[in-house]
Amino acid sequence: MTGPAEEAPAAASPPAPASPPDSITEEAPAARSRGFWLLGEDKSVHRALGGAADVLLWKDKKTSAAVVGGATILWVLFEVVEYHLLTLVSHVLIVALTILFLWANATVFINKSPPNVPEVQISEELAVNIALRLRADINKALGLLREIAMGHDLMKFLGVIVALWILSEVGELCDLLRLMYIVVLILHTVPILYHKYQDQVDDFAAKAHAELCKQYKVLDAKVLSKIPRAPLKDKKQN
């Protein structure tokens, strides 16, 4: 009788594989990929924004408020008060240096420690990293422009032309400073709104994407496919 009694727990053990929840959580991104997602299959808004996510999603409220507030103050000074950049920088430096100079000399009479002005330097590593990143981005942009100029990719050509035309129209409506201020406001509002209404936005984007693909197929069949293109050169394999 002891044998069957001992086999009972062994027989009950097979239902134990409770690991499927892990596989379910891993398959969740696959379920998302069936639709159209602006950020990719399994990319959250926080992951897409990278290191700036806490600021742009207002999780670090002090820093976010400081960025928006600082941008607003600069916009008011340059657009409303009509300050010039050189004049503003000169006046700020005059006030700051005067206060620090008088404070440092007044400590002799009031028996207080002089102001602790930190030494600010740009490290060589930071300068090299910025230069390398700029170099990579510039080379990528130059490569894209060269590919378009060679007539290899019609879609990229049309996309760049449309983007440059939109940029020129925006430049006529507002100057660079106002455009930068609008970009700051958009970066601090659109991501958090998309994070809150991601499903609804992706659903609408899916319908718009399907309609655009449909219209592009019609345009490609009637117009684009009949445009002669430059032959693609075989890339040498290193």
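Biologist: What makes Glu 147 and Lys 156 count as a salt bridge?

Modeller: A salt bridge requires a side-chain nitrogen of Lys or Arg within 4 Å of a carboxyl oxygen of Asp or Glu. The closest N and O atoms of Glu 147 and Lys 156 are 3.3 Å apart, so the pair meets the cut-off. The model is predicted, so local features need pLDDT of at least 70 and side-chain atom pairs pLDDT 80 or more, while totals for chains, interfaces and linings use all residues. Residues are numbered from 1 along each chain as its sequence is written, and side-chain values use heavy atoms, with hydrogens and water left out.

Biologist: Why are Glu 147 and Lys 156 called partly exposed?

Modeller: Buried means under 20% relative accessible area and exposed means over 50%, with partly exposed in between (1.4 Å probe, protein chains only). Glu 147 is at 27% and Lys 156 at 34%, so both fall in the middle class.

Biologist: How many salt bridges does a search of the whole structure find?

Modeller: The search finds two. Besides Glu 147 with Lys 156, Arg 178 pairs with Glu 79, with closest N and O atoms 3.2 Å apart. This pair links distant parts of the chain, 99 residues apart: Arg 178 belongs to helix H9 (residues 176-187) and Glu 79 to helix H5. Helices here are DSSP runs of H or I with at least four residues, strands are E runs of at least two, and both are numbered from the N terminus. Side chains of opposite charge can pair when their charged atoms come close. Arg 178 has 33% relative accessibility, and therefore counts as partly exposed.

Biologist: Which residue of helix H5 is 9.9 Å from Ile 182, C-alpha to C-alpha?

Modeller: Thr 72 is, although 110 residues separate it from Ile 182 in sequence. Thr 72 lies in H5, which covers residues 61-80. With a relative accessible area of 26%, Thr 72 is partly exposed.

Biologist: What makes up the nonpolar patch on the surface?

Modeller: Met 155, Phe 157, Leu 158, Ile 161, Tyr 216, Leu 219, Val 223 and Ile 227 form the patch, with about 630 Å² of accessible area together. Helices H8 (154-173) and H11 (198-222) each give two or more residues, and H8 has the largest share, four residues. Patch residues have over 30% relative accessible area and no salt bridge; like charges are joined within 9 Å, and nonpolar side chains (Val, Leu, Ile, Met, Phe, Trp, Tyr) within 5 Å. Tyr 216, in H11, has 32% relative accessibility and so counts as partly exposed.

Biologist: How many helices and strands are there in the protein?

Modeller: The protein has 11 helices and zero strands. UniProt, in an unreviewed entry, lists residues 83-104, 154-170 and 176-194 as "transmembrane region"; such annotations may be inferred rather than shown by experiment. In the model, residues 83-104 are 91% helix, with end C-alpha atoms 30 Å apart. Residues 176-194 are 89% helix, and their end C-alpha atoms lie 26 Å apart.

Definitions and conventions. Accessible areas come from the Shrake-Rupley method with a 1.4 Å probe; for residues, only the protein chains shown count as cover.
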